[in-house]
Amino acid sequence: MSVLVYTESENGKFKKNAHEVASYAYEVAKQMGTTATAISINASDAAGLGDFGISKVLNVSNDQLKTFNAKAFANVIGQAAEKESAKVIILSSSADTKFLAPILTAQLKAGYVPNVVSAPESTSPFKVKRTVFSNKGYAITEISSEIKIVGVSNNAFGSTENKTTAAVENFDPSLGDDSFTTKSIEIDKVVGKATIADADIVVSGGRGLKGPENWGMIEELAEVLGAATACSKPVSDLGWRPHGEHVGQTGKPVASNLYIAIGISGAIQHLAGVSSSKVKVVINTDPEAPFFKAADYGVVGDAFEVVPKLIEKLKEFKAQNA
Amino acid sequence: MKILVCLSNVPDTTSKINFTDGDTKFDTNGVQFVINPNDEFGLTRAMWFKEKQGATVHVATVGEASTEPTIRKALAIGADEAIRVNAVPVDGFFVAEQLAEIVKNGEYDLVIAGRESIDYNGGMVPGILATLLGMNFVNTCISLDIDGNNATATREIDGGKEKIATTLPLVIGGQKGLVAESDLRIPNMRGIMMARQKKLNVVEPTSSNNLTADVKFEKPAPKGKVTLVDADNIDELINLLHNEAKVI
């Protein structure tokens, strides 16, 4: 009857969100008077989850699962849930996990609530708070099914250390050919750079930058900060930047610690998409730009003057604080 | 090839969101409803399959009679036939079960739904539907090509994209990229006239359990006032971000 959490890894290492969902699972388990068990696939340091309150890890080592496959991974998590008689399953909000979550939901006839931002309001009845209307509101949602699946928003609950000793147990799920009816044939992924999904800082540019040739300073600022780069919808529609960088209601959501908007006026759709970021800085020539009403810090000024100065000053700051 | 495009009827992206009845219901007062943007990219891709590969395209929605203008718009854009399940969509599982019944009865080869609706953001309908029917599934799909029984899809992943090979019958959770924003179609007068003569079948829901329920809504807390920093005093901005906000 433990709480089961899927802790995601990449190339053997746990992702940042794995620690966050583990911390969440520990909190839910505590509220329910039970313990948290993690299911981990091809991760090398399973015992390390004990630092985040995990008492037991079902550790899968399987070469068939080297590359993500939504159906196969959902099957593994489903079998782990059955083995543990888990009634609550905790998932992250990564692209991969949001892909497998509905498959798992259907297999287990579970009630699934994604985009959850805080620990359950209560566990009997089971109520969680989630974002709705693309971050323009919240809903308190009750899950009444026997098995409950909670998808935790990125960077909403945070990671908390809870020193526990995790017992690591090998787990060997049975996977037939019907788990692999979709095949990955090519993965094109930036390596060594922060992504919008897990970056602490996101630097984003809008139409105020006048053209794609001016993105050098956005990239330089991002590099100095170790940030991911993003853009507004018009910029991606104009083809100045790839679609994958579009953040906002119909693009990617941003939930970073710091979001820096440069030359973005702040249309309601854009503000909704980035509203989960903790601190927002806006740099814009127009003091009436709507983004100033949604930001924490603002600079009224020309990006072409402010950004190079900011880069220079940040380099000095980084050198002093290195 | 027989395609079903699943449509969700959602508030326009510019809508201000309010709640009513003691914050237990979404306030539809003054709200303009549209085809869910993620679904509209899929509908437009389906039109491409119709024009280039001779596909038949049906659209389906789960909703009350008030959703019919949205369905008519899809017919005016070029869908051949529409189905409306006459029910208030309770949650994603409920909607997926209703659509699964339609897909089973209509023997569709390809189902295109949006990766999520922009109202309740559940992101689960296409995946549950696929699993209930044992169909293949690709989420956050940004390109799709069909050749006979084979499908090649590209999905967006965190930090990049992945190309996937699979076979029909297939369900995709689509989004921008399936077609570009500039490919979206505005219905013309001829399309609107023709849509009036197209079939819009209304069916009653199959019984289903409600697994989740929204019991209360909240609006985000009002934002505090912005702290303005002079453009000539960038040191102060760095100081605030380091010492006050503690984010650098």
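Hi everyone. Helix 8 of chain A and helix 6 of chain B are oblique to each other, because angles under 35 degrees count as roughly parallel, over 145 as roughly antiparallel, 65 to 115 as roughly perpendicular and the rest as oblique. Helices here are DSSP runs of H or I with at least four residues, strands are runs of E with at least two, and both are numbered from the N terminus.

A word on the model: it is predicted, with local features needing pLDDT of at least 70 and side-chain atom pairs counting only at pLDDT 80 or more, while totals for chains, interfaces and linings use all residues. Residues are numbered from 1 along each chain as its sequence is written, and chains are lettered from A in the order in which they are written.

Back to our helices. Helix 8 (residues 303-321) of chain A packs against helix 6 (residues 234-244) of chain B at about 55°, and their axes are 10 Å apart. Those axes are lines fitted to C-alpha atoms over the stretch in contact, with angles from 0 to 180 degrees between N-to-C directions. Which residues make the contact? Helix 8 of chain A brings Lys309(A), Leu310(A), Lys313(A), Leu314(A) and Phe317(A), and helix 6 of chain B brings Ile234(B), Asp235(B) and Ile238(B). Residues are in contact if their C-beta atoms, placed from the backbone, lie within 7 Å.

Now the strands. Strand 18 (residues 297-300) of chain A runs parallel to strand 15 (residues 227-229) of chain B, joined by three bridges; pairing takes at least two DSSP bridges. Gly298(A) sits opposite Leu228(B) of strand 15.

Finally, the whole contact: 74 residues come from chain A and 60 residues from chain B. On the chain A side, helix 3 (residues 95-108) gives the most, with ten residues. Thanks!

Technical notes
Two residues are in contact if their C-beta atoms, placed from the backbone, lie within 7 Å.
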